[in-house]
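User: Please take a close look at one part of this model: the contact between the two chains, seen from the side of the first. Then set that chain's own domain contact beside it.

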Amino acid sequence: MHWTLLLLTLPALAEVSFNRDIRPIMADTCFRCHGPDKSSRMADLRLDIREEALKPNKAGVAPIVPGEPAKSAIVQRVFASDARIMPPKFAHKDLTGTQKQTIRQWVAEGAKYEEHWSYLPVPPRNPAARNSVDTFIQARLAREKLRPSPEAGLRTLARRASLDLTGLPPSTEQLNAFLNDKTPNAYEKYVEKLLASPAYAEKQTLHWLDAVRYADTAGFHGDNPFPIWPYRDYVLRSFRDNKPFDQFTREQLAGDLLPNATEEQKVASAFNRLSRMSAEGGLQPKEYLAKYAADRVRTVSATWLGSTLGCAECHDHKFDPFASKDFYSMKAFFADILETGLVPDRGAKAWGAQMDLPTADQQRRREQLSWQLSEARREFDAEAQILHGADEQWEKETLKRNEAGEFKWQLQRPLSAESVNGARLRIYNDQPIETNYYVGATLMTDRTPGNGLVVAEGPNPDNETYIVRIQPGAGVWTALGVEVVQDESLPSHRLARGSDRLVVTEVEAELDGRKTAFVMATASLTFPSADLHPSMAIDGNPKTGWGVSDPGNNNSLFLALRFSEPLKTEAGATLTIRLRHDSDDRRATIGRFRLALSSARYSWPDQKLTGLSPAVLAALKVSEEKRTEPQRRALAEYYAFSNSHLQSQAVRIARLEAELGLLEATIPRVVITKSTVPAETRVLPRGNWMDGSGAIVDPAIPGFLGKLSTDRQATRLDLAEWLTSRDNPLTARVFVNRLWRQFFGAGLSKVLDDLGSQGEMPTHPELLDWLAAEFMRNWDVKHVIRTIVTSHTYRQSSDPVPSLVERDPDNRLLARQSRLRVEAETVRDIALAVSGLLKPRFGGPSVRPYQPEGYLGALNFPKREYSASRGDDLYRRGLYTFWQRTFLLPSMQVFDAPSREECTVNRSSSDTPLQALTLLNDPIFVEAARGLAQNMIQSGGATLAQRIGWAFHRAVSRAPSVEERKALTDLYSTNLARYKADEAAARELISAGEAPPLSSASPAELAATTTVARAILNMHETITRN
Amino acid sequence: MRPSHGIEIHRRTFLDRGIAGLGLLGLNSLLGAERWRGVVNPPHLKPRAKRVIFLYQAGGPSHLETFDFKPKLAEMHGKPMPESMTKGQQIAQLQGRPLVCFGPQHSFKTYGQSGQQICDLFPHIGGIADELCIVRSMHTEQINHDPAHTLMNTGSIITGRPSMGSWLLYGLGADTEDLPGFVVLTSAGKGGQMQPIAARQWSAGILPSRFQGVKLNSIGDPVLHIQNPPGISKDIQRDSIDAVNRLNRAQHGVLKDPEILTRVAQYEMAFRMQASVPGLVDMSDEPKHVLEAYGAQPGDGSFASNCLLARRLAERGVRFIQLYHRDWDHHGAVKQNVALKAQEVDQPTAALIRDLKQRGMLEDTLVVWGGEFGRTPMSQGGDGRDHHIKGFSFLLAGGGIKGGMSHGATDDLGYAAVEDAVSVNDFHATLLYLLGIDHERLSVKFQGLDVRLTGIAGRVVRDILS
């Protein structure tokens, strides 16, 4: 469409070309009813194939008579002025006068058809010029009587190449080194350095992740996180090492099928697991398996084939020669992937096939700990059995004691409850309080006296310590209990005040000022988290703790802590309990709790406060021979725990479990592809998954593109081989076309995911083919990029010269460079890099930047909040930010990053007021402004003018003009006066973020400088690549 | 760049009119510097409504305990569902379970002069029965929440299709320069049956992202980052924006790049939004009787407060206002749970419609009430109902809608829409029609298709038009 617009401004062409001139018109207006899809074909007429279009109908009228427009029905019909006009009125597809003339001219010239350009073989490479990019571009410009622009200024060029190749602005040192290099190939050397940097891989990875729809969460329903980041690191390493693209393709599609697949190749196969997954109860498995498979076909077809094969799910493609069968034959390649329609997102079966990726050290430690643990358990069990067997008396006594209520936890009524960091704690003893809690899936509401309930409200600091004083009266106590009570008002699992889990890092007790130690901790839970072991609440380590990341159906939790020595209290003695929450999880703090004490040797940590587990009680009530195996085990365990002889061993086991749990939590995991017997694949008539009547199909490539030569059932590996074989005309064209967009803002063919007839004929077809041929030589990605960025076409000025802009507003002829808003991730990276906050680290688990409170409020299963990372992880590149598909990080979403629910190869670029609000007010950008201001004061020189120049230079690689300097100086002076008058406001601003404010400057000076830095970071030029 | 398609239309219009020099303006200049006035300008048809308030009851309200009375189902209570009805049909959590009829759990009455049948749990809605068109023959294709929401909002389950609010904004623009033209609010019910709602439900999809819905939050900033950071006063913010714009204008002076002026305009609009949003959410100017009529306590984030906010948004020129009330997934205890929902939504829904009417705004505001699907006439677990796609109810009122009527019907057991069935695409076609848009003519090109809100289907339900 755009093409035809361009034509209007160009001189009339000597000869009409089918691909360039006719196909776009027909594809838009004719093929819907007279194209490949037989089900919607009208009048039995097909215009996409020449022989068909020349056949006379029953009445003897031929649609097209080559050379004879007057005798050709299509010409008559498009020029008709009555109801016979084509396209018909109801289609709302009127042809313009020019289009009609073009059709007439084409028929007059013999109605020559051409095969669609992208399906023709890529012509062999022409090793003519050293850099042929310019040859092709400039030949076209010459035809258009245009001249290329001169080379951009060195500063602009340096910033452009750095942003395009690494997604970061050049540092002052990089820039100066380049500017001072007077050798003739200084630019080439500069480019080589950029290509060799890890940041290059990060930039390329970002684009690839969009295509393969990489994200950290499942996308459907609860949208829970799944183990996937090691795949992202695989992509990073592949680009860093410039892995040949054919190998890259094979490993992702079929890494698991490669002979003697390496760990790396298995990780690569996670590619097949990137589609959205649902764990919604009540989903119909067949329906979802069909959804996942269709998603895969769409992704492979868009990413490698630049084709909309997805359109053939329900019917033959309306415009391209894809039959519906082709869709299902492609789907059949993936039918061997072991998967389920409902993908569990919790418990042992969560996320299906996956693998661990321990380092050698981790593996050694894991084996060691596992062995120690199994030995300790074995010894413990043996001893427990011996002792238990000789202790008939114990069972009788236990039953008796239970009846007497000796095991019962005794709830305590606090005297006082206060916090260290500001949360308000309210005690409900006799006062009634409403509690909303779940029993199964039903929400219950109670209004009863609190009975010692402590409720945290008001300020909600990241870390908090609760101090509660109780007076238990005279007695001897063996254990302290902490009952955590659920309430619907609490945002995290209805248990914690924030974060996505609850973590109590330490529990401490003090009797009349003397510290009392705990020796053992137990808790009962359906889904215990290995790295939140109860013993971590008494291990003295402020970073580890007990808690829960999945409470299952428990509507309260209970932690039991055994005192080292029974604790004797006189009447009136005061016990002070501290509940610390000092972990890196922010606001993983208890919302509501009660405290309890027990006098029994061992009270079971149960929510009902009976102190004896139901399984044990049931076991005790039947004779030994009638006990079930679980009952026997529960009893033995209970015996062991209540036996003082075994205490030290129990403690040892708990420590080992905790240590192993912590280790396991640090070992990366990743979902992988597991191959199984291929499921039968049928064509689903009209895409209806309930219709099993369609034909069975085998894996095959789209029919019109050829046939795989294999006598066995073809596999994903065969598909991967074909995708990057010389027989496939599409992959190389598609990939280099996408690369081109990175460096000019639009592909040579604009519609990156559709090189079919509904896409766009390339502006420079020979160039696209030449680059594709270069690429196919040895699938060397860096080579193609290097070829592009060292061309004059890339290096020319982007100044929007009015005559050029008027002639070619969208810059498709490339007589100049384009000016582009950088990607969402780069917007963030620029602010972090310029301010000095950026923490470079290659790969690793995804990180969580600040995010507004309550942003995940519309999510459920589980109900959760967000805990921003700590320390360096707050300042990592946008690439590494946690990608929550249903609620993308706001600053990413606002700057057009895709949710990655679907393959996206062409991000849009918008300009909205929400972007302005983000750059102005989002805490990370305010913190960046403060960081930049501190560096301006520390390193930018002594005067304001120097500091402004220094910061400006860092942001946009040039010095400010007089007017720009003045704008910033004025802002500074006005605000300095304001902040001097209101030092409190200054202090507020300079406290943005985690680091302490610079002490060498006055608050007013630093605050006023921060407003200057903020203005610089908000400039259009700062987030634009010129 | 695909999303620019609409702009191409725009530009072609200009070219056809022969306005010279337009090439100097880049894409974003057309998109951003001035208020967007829509691609359907002038409208295809005479508009009957200017704006839409969609009270989205998320989770799937039971039609059998709200607006579709089925005495026959009561008679059949406890008996097996006729297999002839259910055989081969989609089913969610009841897969593999016996299908047993479950009678309506609440009684119905007739309301208004029109004598519409409405469940006794909804007396306030009953009180405005003569304003309402009850559509009892809705049906959908998706039986799980997430895809069903996607279909209801975008007319398709393919990810990346624009939501109806985005279509309206793209087609018509909005009558405000200080607020987003498409606003989303959510509220949680007290029943705890809260299905997640993804941001995709208000996404602009393949349209430029400026057409996406903006969520107004009840916690923290009403619009993300609408408040100045700590230590930045209104004056400092104003001067900072002026400085940024001065810097940008300086660059524009050198380069004449119109994209820079677009950026300047966006900063101005951001400042205006900062000024107007607090006034929007500050309800202290609402008289007590209005708050009481809605049952709203400002700032509580309830459905009632959101209904009142919806009216304020409508007054300020927002085109599409969508309220999600999340708590209608009643697999169990449907009797108690619908009663609880009725307490939350009955009064405010009616109050909103009355309030709009009293202000003379109902005649050009389309109000929609409904969810992504209905619930089975069969019992789940003895006291609940499963997801159901073959028949459910919608309420429509206001601009261009005939009040006091019912449209369509399900069969005797409330299983399938059998009379004047209305698909999701039909609903969308009708909605666009009421706003002056021919649903077959509002499209964007994507992957060779003319993508429409109504896909390749949809027909305007003319019987319900006034």
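Analyst: The model is predicted. Start with the contact between the chains. Chain A puts 87 residues into it, and chain B puts in 76 residues.

Which elements of chain A give two or more residues to the side that touches chain B? One is a strand, S6 (442-449). The others are helices: H27 (802-807), H30 (913-921), H31 (923-939), H33 (962-981), H34 (983-990) and H35 (1003-1017) of chain A. H33(A) supplies the largest share of this side, eight residues. By class, the side of chain A that touches chain B holds 37 nonpolar residues, 30 polar and 20 charged.

Now the domains. Chain A is split into four parts: domain 1 (2-114), domain 2 (358-404 + 612-667), domain 3 (408-607) and domain 4 (923-1025).

Take domain 2 and domain 3 of chain A. Their C-alpha centres are 24 Å apart. Here 15 residues of domain 2 of chain A meet twelve residues of domain 3 of chain A. On the domain 2 side, helix H20 (629-642) and helix H21 (647-666) of chain A each provide at least two residues. H21(A) gives the most to that side, with eleven residues. The residues on the side of domain 2 of chain A that touches domain 3 of chain A comprise eight nonpolar, four polar and three charged.

Conventions. Residues numbered from 1 in each chain as written. Chains lettered and ligands numbered in written order. Predicted model: local features only at pLDDT ≥ 70, side-chain atom pairs only at ≥ 80, totals over all residues. Domains from an automatic or database assignment. Contact = placed C-beta atoms within 7 Å. Helix = DSSP H or I, 4+ residues; strand = E, 2+ residues; numbered from the N terminus. Nonpolar A, V, L, I, M, F, W, Y, C, P; charged D, E, K, R; others polar.
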